[in-house]
Amino acid sequence: MEEPLPAPPTDTRVADQPHASAATPAERLSLLVERERVARKGPAGSLDERMASLSGALRRARLENAERSAAISDLRAAEIARLEMLGEALSPVLAQVPRDCDIFDVGVAPAERPRLFIDQIGFVEMDRDRRTYRFLQDTRHGRVTLRESDSIDDLVEAITSYIAHRLIEREKALAVDYASGGAAQALGVKIAAARERANARENDKSLTGKTTRAAAFIAEFFGATAFFAFLAVLAAWIYRAYFAG
């Protein structure tokens with residue numbers, strides 16, 4: 001007698017979802033969205049994990065930026081300290097400059113590129129190695145380098161010579177201005193002439209001056225009287241013409 005054939009295995013997924021064939025379109029769309037979300041999760045990790053990794057990257061970037069900024073600040077502070085040392089070394093030289101000379105205003109400008117200004121056109125700055133001094137001057141033909149050295153004594157010598165030449169140029173300019181009747185001399189002459197005229201007017205007590213002032217006063221008095229008389233006549237005519245009737 002032949003044995004009966006075994007029954008085909010039942011599909012457990014179908015058994016678990018007896019109504020899968022009868023699912024609505026909305027349910028099928030929700031199932032597809034869920035499958036895509038699970039597929040995207042894959043090796044990249046969850047959204048919380050990605051946010052955590054980005055937060056860590058931001059913290060590391062901030063730390064690196066802070067370290068870089070601190071390094072730049074330290075370098076700038078070192079440049080300013082070296083320039084201040086040079087300024088202190090120049091103090092004995094600047095003490096010998098005449099008091100009436102105000103073209104030298106030595107001081108450190110702590111900008112992005114610190115500089116020690118000697119005057120308006122000459123200054124000292126540090127080279128890229130932050131150890132070498134560069135003494136520069138702005139001219140009509142561009143910026144020129146007067147001295148470049150890592151020794152403060154060399155810079156003091158160069159700046160002293162620069163100050164001496166500038167003082168000589170100032171003396172020549174003052175001499176030429178006076179000899180050629182420059183602006184300063186012309187201004188002095190004008191001021192003196194104005195003072196003389198004012199003193200002459202104050203001290204003018206002669207008969208001619210008194211007569212002139214009296215005639216001017218009489219002319220002003222009669223002019224004012226004639227003006228007010230004309231206004232009175234005009235007012236009387238307007239009254240008779242428009243209001244008397």
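The following paragraphs lead through a predicted model, from its strands to its nonpolar core and then to a patch on its surface.

Strand E2, residues 115–117, runs antiparallel to E3 and is joined to it by 3 bridges. Within this pairing, Leu116 has Val124 of E3 as its bridge partner, and a hairpin of 4 residues connects the two strands. E3 also runs antiparallel to E4, with 5 bridges between them; here Glu125 is the bridge partner of Arg134 in E4. The hairpin formed by E3 and E4 has 6 residues between the strands, and Arg130 in its turn shows a positive phi of about 65°.

In a regular strand, side chains alternate between the two faces of the sheet. In E3, Gly122, Val124 and Met126 point one way, whereas Phe123 and Glu125 point the other way. Residues on both sides are buried, and E3 is accordingly described as mostly covered, with 5 of its 5 residues buried.

Val124 also belongs to the largest nonpolar core, which holds 20 residues; Leu86, Ile118, Val124, Phe135, Ile159 and Ile163 touch the most other members. Leaving aside residues up to four places away in sequence, Ile159 touches Leu86, Leu90, Ile118, Val124 and Phe135.

The surface carries a nonpolar patch of about 1200 Å², whose members include Phe227, Phe228, Trp237 and Tyr242. Phe227 lies in helix H7, residues 207–242. Because its relative accessible area is 47%, Phe227 counts as partly exposed.

Notes. Residues numbered from 1 in each chain as written. Predicted model: local features only at pLDDT ≥ 70, side-chain atom pairs only at ≥ 80, totals over all residues. Heavy atoms only, no water. Core = buried A, V, L, I, M, F, W, Y, C linked by side-chain atoms within 4.5 Å. Buried < 20%, exposed > 50% of the residue type's maximum accessible area, 1.4 Å probe, protein only. Contact = heavy atoms within 4.5 Å. Patch = residues over 30% accessible without salt bridge, like charges linked within 9 Å, V, L, I, M, F, W, Y side chains within 5 Å. Areas by Shrake-Rupley, 256 points an atom, 1.4 Å probe, with all protein chains shown as cover. Salt bridge = Lys/Arg side-chain N within 4 Å of Asp/Glu carboxyl O. Pairing = 2+ DSSP bridges.
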